[in-house]
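Come along and keep the 3D view open beside you.

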Amino acid sequence: MLRVWPIVCQFGVGAILCLIGIWGGLRGKYLNLKTREDRRLLVILIAGFLLMLAVACIFTFLAPNWANGESI
Amino acid sequence: MIAQVIGGKLDYTVMLFYFVAVLGFGLYFGRYTTSTKDFFFGGQRFSWWLISFSCVATVVGSYSFIKYSTVGFKYGICSTQSYLNDWFWMPILVLVWIPIIYYMKIQSIPEYLEARFDKKTRIAATFIILLYIIGYIGINLITLGRTLHTLLGWQVMTGAIVTAVAVALYVYIGGQTAVIMTDLVQGIILLIAGLGLFAAAVYHFGGFGNFWALLPQEHKFAFSDFNAPPNFSFIGIYVQDGLANTGALMLMHQGFIMRFLSLKSVKDSRRMVVCWILVLAPLAAIATSCGGWIARAIVNNGEMSIEASDSFVKAANFLCSPGVFGFVLAALTAALMSTADTLINAVSAIFVNDIWRPYIKPGSSDKHYLKVARITSLCAAGLGLALVPVFMRDTIYGAHSMFTAAVTPPVLTAIFLGMIWKRYTPAAAFVTIVGGAVLIGMSFIWSDLLVGPFDFGMGPDSYKFMRALFGLLAAGTLGVSVTLFTKPEPEAKLKGLVAGTQIDAMRKFKGGRPNLRPGAKVRLQTKIDQSLADKNIVIVPQSALDKMAAEPGDLLYASHVRWWYGGLRSVHVKAGPPADSDQHELMLISPQDAATAHFTQGQQVVVEKIM
């Protein structure tokens, strides 16, 4: 669990920060999801979050077990 | 720290050549600086990619290569975690903070705090932010001093002085434009050098698999253990770097604020942040840390013995041929200069905008303020140098972490709450900043009592990191508590300054209703028209207005057709009434705007609507 807590903490608090930012954009309609450009920005925000999460998971659960060249 | 001088004459020649070239490059851009707007914000005309590279060059300080390679050697790839926790701030940055400061024409953080709260909050924040930035300059200078001591055998102070003089000189002459342009070059060079070193190591070991196999298994995790060791635990790094330091970089670091304000438009900030945080920052993480990983692999391969603190320099010296090693050393120098220049320019901006202009000599000419800004740049470098002996007592990582954890939380908390919470009051903001700073100061005296409960069982060695958590919670609690017992500001005063009112800020920026209809870019030819003198408008054909989906009165941006100028030759103008049909494909522009943009008669330009 010592290895899992960092992921839970970083991406949990990170998700809250992201939601605050998106809420701040949606409020007052500065982030207008009716426009294609703003929808694309939202997709990029979520994709970036998931990409970071994937990298963290790979280098926590998979990569440390790659013992040597043959297994990569 | 190794005692002997390493590297050869060719290496030092390459390094010296680079040093002089960057200095000359920076000085050249002095010609683009004729006003305080140019000196602080580069004329607000640069493209997203230029600012992305300059941001990454600024983030990667001279301490980065040494600091992250040292922890990379000791703990492995988790040395990159500091670079991979920035994304979470991105929505707040691009959807709330940048629109507010850009559209409200905020020139400094203290100025925002006065607009959002009151004058006393501005004054309190000014002193804390100046302390933060000048301390940062000191940390950067000491790192380069130590590095030059290792490489050339110079005294630490001598190396710091030489570098400070060089950086202060080109900031003095070129201002923000010189900073951005030199940072572009330095950002590219430090990425090439760091990633090139990593590629050379992989080649040396016969492939990535062999390199990976040489690292101990506990060095292959993305994060360090949650609460161990005390001086490099995940939770310590996360609260100090991921929350306090990254939050401070994004929201209260004057250097970054000035960089964001140098963009040609707020929309460019979206691309800039994605490129910076999602692409360049991870590459920078590898570039700065890999020296430590490589050194560990070299040691485990039995090729030589290396100390953690020398891992970057020794690994680079081991792998690179003469001359190439000099290039890597140049990257190290680049990292220092590109951070120090930003900080020096930032101190100058705060001093002029928040102390000199409002209190000492209000109502003077822009030329006077430009002169003061330039002199302040020199003084800022001098103050940074004065702090070098203070930081010499600790390790670089320790000094940097302790400093940011102690100084940033109160102002960061006040900005954060002020930006997202309408109810947050001026009295609460003042108490957050002053009370938070006092509580953090007390935490140095009664550490066990105040920071101890937040140390996750790690003990006193973790306090310099965990103080950030204590600071954020203490300042936040004070702010929320006082808010609940004080009267909020009227809504009308908050327009454009808090989340949910960004459209009001846009309206204020333009001086009318923003035109958000999507349009295309058009290519036109300039014709300098004396009748437009001092009007800041351009006359373009109706067909061009239609293509841009623009109307008379809309804000336009005209730039040189060569994209790789990155906006260096460009200008913001307003669309005037459409031209007669015989002015087809021409853009009539005033002599002043043409001079600002460095356009000549008959110049091909690209014009786009901003709003």
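This is a predicted model: local features need pLDDT of at least 70, side-chain atom pairs count only at pLDDT 80 or more; totals for chains, interfaces and linings use all residues.

My entries follow, from the whole model down to single residues.

**Entry 1**

I looked up its overall scores and found ipTM 0.93 and pTM 0.89.

**Entry 2: chain B as a whole**

I turned to the overall build of chain B and listed 23 helices and six strands. Along the principal axes, the C-alpha atoms of chain B fill a box of roughly 80 × 65 × 45 Å. I then asked myself how the radius of gyration of chain B fits with a compact globule. A compact globule of 611 residues would come out near 25 Å, and chain B has 25 Å, so the two agree.

I also checked burial and found that 61% of the 611 residues in chain B are buried.

**Entry 3: two domains**

I looked up how chain B is divided. Domain 1 takes in 9–17, 25–33 and 53–484, while domain 2 covers 517–609. The centres of these two domains of chain B, taken over C-alpha atoms, are 39 Å apart.

**Entry 4: the sheet**

Next I followed the strands of chain B. Six of them form an open sheet in the order E2-E4-E3-E6-E1-E5, with mixed pairing. Which strands stand at the edges? I found E2(B), residues 537–538, and E5(B), residues 586–589, there. Each has a single partner strand, so one side of each is left without a neighbour in the sheet.

I went through some of the pairings one by one:

- E2(B) runs parallel to E4(B), residues 570–575, and two bridges join them; here Val538(B) stands opposite Ala575(B).
- E3(B), residues 555–560, pairs with E4(B) in the antiparallel sense over five bridges, and Leu556(B) faces Val573(B) across that pair.
- E1(B), residues 522–528, is antiparallel to E6(B), residues 604–609, with four bridges between them; Leu524(B) has Val605(B) as its bridge partner.
- E1(B) is also joined by four bridges to E5(B), this time in parallel, with Thr526(B) opposite Met587(B).

**Entry 5: one residue in a helix**

I picked Ala193(B), which lies in helix H8(B), residues 156–204. Is Ala193(B) buried or exposed? I found 24 C-beta neighbours inside 10 Å, so Ala193(B) counts as buried. Leaving out residues up to four places away in sequence, Ala193(B) touches Phe327(B), Val328(B) and Ala331(B). I also looked at Val313(B), which is 120 residues from Ala193(B) in sequence and 12 Å from Ala193(B) in space, C-alpha to C-alpha.

**Entry 6: helix H21**

I moved on to helix H21(B), residues 502–510, and noted its buried residues: Gln502(B), Asp504(B), Ala505(B) and Met506(B). What covers them? I found that the cover includes helix H5(B), residues 90–103. Just after H21(B), Gly511(B) takes a positive phi of about 80°.

**Entry 7: where the chains meet**

Last, I looked up the contact between the two chains. I wrote down 36 residues from chain A and 38 residues from chain B. On the side of chain A that touches chain B, the elements giving two or more residues are helix H1(A), 5–26, and helix H2(A), 36–62. H1(A) gives the most to that side, with 12 residues. By kind, the residues on this side of chain A divide into 22 nonpolar, 10 polar and four charged.

Technical notes:
Residues are numbered from 1 along each chain as its sequence is written. Chains are lettered from A and ligands numbered from 1 in the order in which they are written. Domain bounds come from an automatic or database domain assignment. A residue is buried if 20 or more other C-beta atoms lie within 10 Å of its own, exposed if 12 or fewer, and partly exposed in between; C-beta atoms are placed from the backbone. Two residues are in contact if their C-beta atoms, placed from the backbone, lie within 7 Å. Ala, Val, Leu, Ile, Met, Phe, Trp, Tyr, Cys and Pro count as nonpolar, Asp, Glu, Lys and Arg as charged, and the others, Gly among them, as polar. Two strands pair if DSSP finds at least two bridges between them. The radius of gyration is taken over C-alpha atoms; the globule rule is 2.2 Å times the number of residues to the power 0.38.
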